[in-house]
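Reader: Could you walk me through how the helices pack in this one, and please spell out your criteria as you go?

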Amino acid sequence: MAETILQKIVERGHYKFVDRVDSWQDAVRLSTESLVKTGYVSENYYKQIVDCIEKYGPYVVFDHYIAMPHSSEGAEGAKKTGIGFMRVKEDVDFGKDEDGEQKVARLLFTLAAKDPGEHMDNIQQLMGIFCNEPLIDALLEANTPEDILAAEAKYPPEEE
Amino acid sequence: MAKMDNKKFMVCCANGAGSSLMMKMTLQKVLTKLDIKPATIHHCSLSEGKTASQNYDVVLCARNFANMFDDAKKKGTVVIGLKNIMSAPEMEQAMKDADLLD
């Protein structure tokens, strides 16, 4: 079987574990740090994501403390296709959505998209992860890359 | 033939790269389940979607973007705003509510 995206995240060092952040903007920036270090995105890439969320609201925040910050396909600053994973212990407050509901996240899956095919595959796999509640619960408790792999081994993606 | 067969669908998100793809997958799941064969499912950004939407039968987007398609709505396009773009049950229900299903 091909590598899963969580395996790729671990292998490429695209992860970060922090206790708290100063702001959601800071969270987005930190989540791209590992992508910057490995040449997947430029240092300023996170600003595009921040601009987008400021413009359109926190629609990148889903249920179960999940956020998927991203910019456009082929965005300037995205050099390779990958995902920056970050787990924050305390809630990251992304503000209220249009219904006045507070949007908070503790798991960030920040997308960089260069290759459309690989990006599509990433999205598909992410969707499987986001819908896999036991796995998400385990990832919320993860403190090390080994924890990420153990979580996935314990709660493998459902075969469609 | 089912009511929704051969319809043109458009899924939209802010930049056409993340949530719109997820919505597309949710939509494919729902349509397969209901045995509906769409003519096309196009995913794109809001800026493209706003001008192109009137050429589609059904537009799906996150709820906070739904009012951006009021013009297309006036011309007969069905606009569906979703709270959870990954929820197939919600999407199916929304289609039912919009009287799209048989």
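Author: Two residues are in contact if their C-beta atoms, placed from the backbone, lie within 7 Å. Helices are DSSP runs (H or I, at least four residues) numbered from the N terminus. This is a predicted model, in which local features need pLDDT of at least 70, side-chain atom pairs count only at pLDDT 80 or more, and totals for chains, interfaces and linings use all residues. Residues are numbered from 1 along each chain as its sequence is written, and chains are lettered from A in the order in which they are written.

Reader: Okay, which residues of α1(B) and α4(B) meet?

Author: From α1(B) they are B:Thr26, B:Leu27, B:Lys29 and B:Val30, and they meet B:Ala88, B:Met91 and B:Glu92 of α4(B).

Reader: And at what angle do the axes of those two helices cross?

Author: With axes as lines fitted to C-alpha atoms over the stretch in contact, and angles running from 0 to 180 degrees between N-to-C directions, helix α1 (residues 19-33) and helix α4 (residues 88-97) of chain B cross at roughly 65° and come within 9 Å. That makes α1(B) roughly perpendicular to α4(B), a word used for 65 to 115 degrees.

Reader: Switching to chain A, how do α5(A) and α6(A) run, roughly parallel or antiparallel?

Author: The axes of α5 (residues 133-140) and α6 (residues 145-154) of chain A cross at roughly 160° and come within 9 Å. That makes α5(A) roughly antiparallel to α6(A), the term for angles over 145 degrees.

Reader: How many residues does each chain bring to the contact between A and B?

Author: Chain A gives 22 residues and chain B gives 15 residues. On the side of chain A that touches chain B, the largest share, five residues, comes from α4(A).

Key. Parallel < 35°, antiparallel > 145°, perpendicular 65-115°, else oblique.
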